Amino acid sequence: MRGNPLVNYYDCVYTDFMTNDIFNNAKKLGFGLMRLPLNNPDNAGDIDIQQVCKMADLFLERGFTYFDTALMYCGASSESAVKKVLVERHPRDKFTLATKLHHNYVSAPSDCEKVFAGQLERTGAGYFDYYLIHDINVHSIDVYDRLDVFGFVQKKKAEGLVRHAGFSFHDGPELLDKVLTEHPEMEFVQIQLNYFDYENPGVRSRECYEVCLKHNKPIIIMEPVKGGTLVNVGSEVENLYKSYNPNASVASWAIRFAASHKNVAMVLSGMGSVAQVEDNTSFMQDFKPLTDDETAVIKKAVDILNTKKSVPCTGCSYCTEGCPAHIAIPRYFALLNADLAQDPEGKQGWTVQQEYYANLHKSFGKASDCVKCGQCEEICPQHLKVMDFLEDVAARFEK
């Protein structure tokens, strides 16, 4: 499975799927509650509950059941939205709910109990169908081992407050293999996998995927569209996809790529509008894995995308919480990517992205306000050189 990385697509995409009791053979699309629509785009916690209700109702009506949240999502408001959108409006047995325990919120064993109790209270769910140790990496694993968080999750499972226990992972295959070897009790793994990162030497998606296969664990896929990067692919890639199938959305190529892999039980999509729910459920309702011809089209798209300059930020916003300069890091990176796509050489003078940047730094710190504390890079799931990219933003927009 080595050699030309593009050939590996043929080696790793399967049409036979593992069935398992953990996910009750549910439809493979999960609703990620990270990028919900907002009433005020400058306030991550001001969720448009009315619109999210419409989105969740449509999701359920079309036979999908899996919802994924976490304490830190949407300015720490996502779990509370679950109560308003799901728990208070739908029977508890009509949906399944996943949430997570992140190392940033615990420094002593008693903190785990406090966090968990708070999550039960905020969601009102009574129990969690899936509970994840959040963002295992080379830094966080020391916290999770020291506080015996693995044992804590098993305790909650024994108490009936957690139905199934797993973890999300943002690191290399060596650590993943070590964790799964030491903790075979973990029932499933959530990893980042998309066609752009499949052979990325920083993310190492394929290698992590292969470790999950080795341990025969059901897999949940996060970031299948890489925070929207694989939706806003540019006209050349979009035309490539449309020439093959005019009726298929750009997002469908990325989500189907992830779902077409063996042992993948669920693909999460951080949907932010009713239209996105309509689109994603349309092609995942009666899911069909990629054909060889479709896989070849994706290989061509990767070639094209690899020629473009961009910051591979997924917009998860982990980096913004606690930023001493209050910098809107993901939003600035999105503007930089858009500006690079519009004006690769930076010769146009004025672009609309410059105006957006000027508007944003009335409410947030400028990229040049970065104090180089480094906490953004420590928590970044993509292992980005955030501080270096902020210098690029400043150079581009603060002339």
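Two strands pair if DSSP finds at least two bridges between them, and strands here are DSSP runs of E with at least two residues, while helices are runs of H or I with at least four, numbered from the N terminus. The close-ups below come from a predicted model, in which local features need pLDDT of at least 70 and side-chain atom pairs count only at pLDDT 80 or more, while totals for chains, interfaces and linings use all residues. Residues are numbered from 1 along each chain as its sequence is written, and side-chain values use heavy atoms, with hydrogens and water left out.

View 1. Three bridges join β7 (residues 219-222) to strand β8 (residues 264-269), and the two run parallel. Look for Ile221 here, opposite Val267 of β8. Strand β6 (residues 188-192) also pairs with β7 in the parallel sense, over four bridges, and Gln190 stands opposite Ile220 of β7.

**View 2. The two faces of β7.** In a regular strand the side chains alternate between the two faces of the sheet. Ile219 and Ile221 lie on one side of β7, with Ile220 and Met222 on the other. All four are buried, that is, under 20% relative accessible area with a 1.4 Å probe and protein chains only (exposed is over 50%, partly exposed in between).

**View 3. Tyr66 and Tyr130, a tilted pair.** Rings of Phe, Tyr and Trp (its six-membered ring) pair if their centres lie within 6.5 Å; planes under 30 degrees apart count as stacked, over 60 as edge-to-face and the rest as tilted. The whole structure holds 22 aromatic pairs. In this one the centres are 5.2 Å apart and the planes stand at 45 degrees, so the pair is tilted. Tyr66 belongs to strand β2 (residues 66-68) and Tyr130 to strand β4 (residues 128-136), so the contact ties together parts 64 residues apart in sequence. Tyr66 is buried at 1% relative accessibility, and Tyr130 is buried at 3%.

**View 4. Tyr198 and Phe257, edge-to-face.** With centres 5.5 Å apart and planes at 85 degrees, this pair counts as edge-to-face. Tyr198 sits in the loop between β6 and α9 (205-214) and Phe257 in helix α11 (residues 250-259), so parts 59 residues apart in sequence are tied together. Both Tyr198 and Phe257 are buried.
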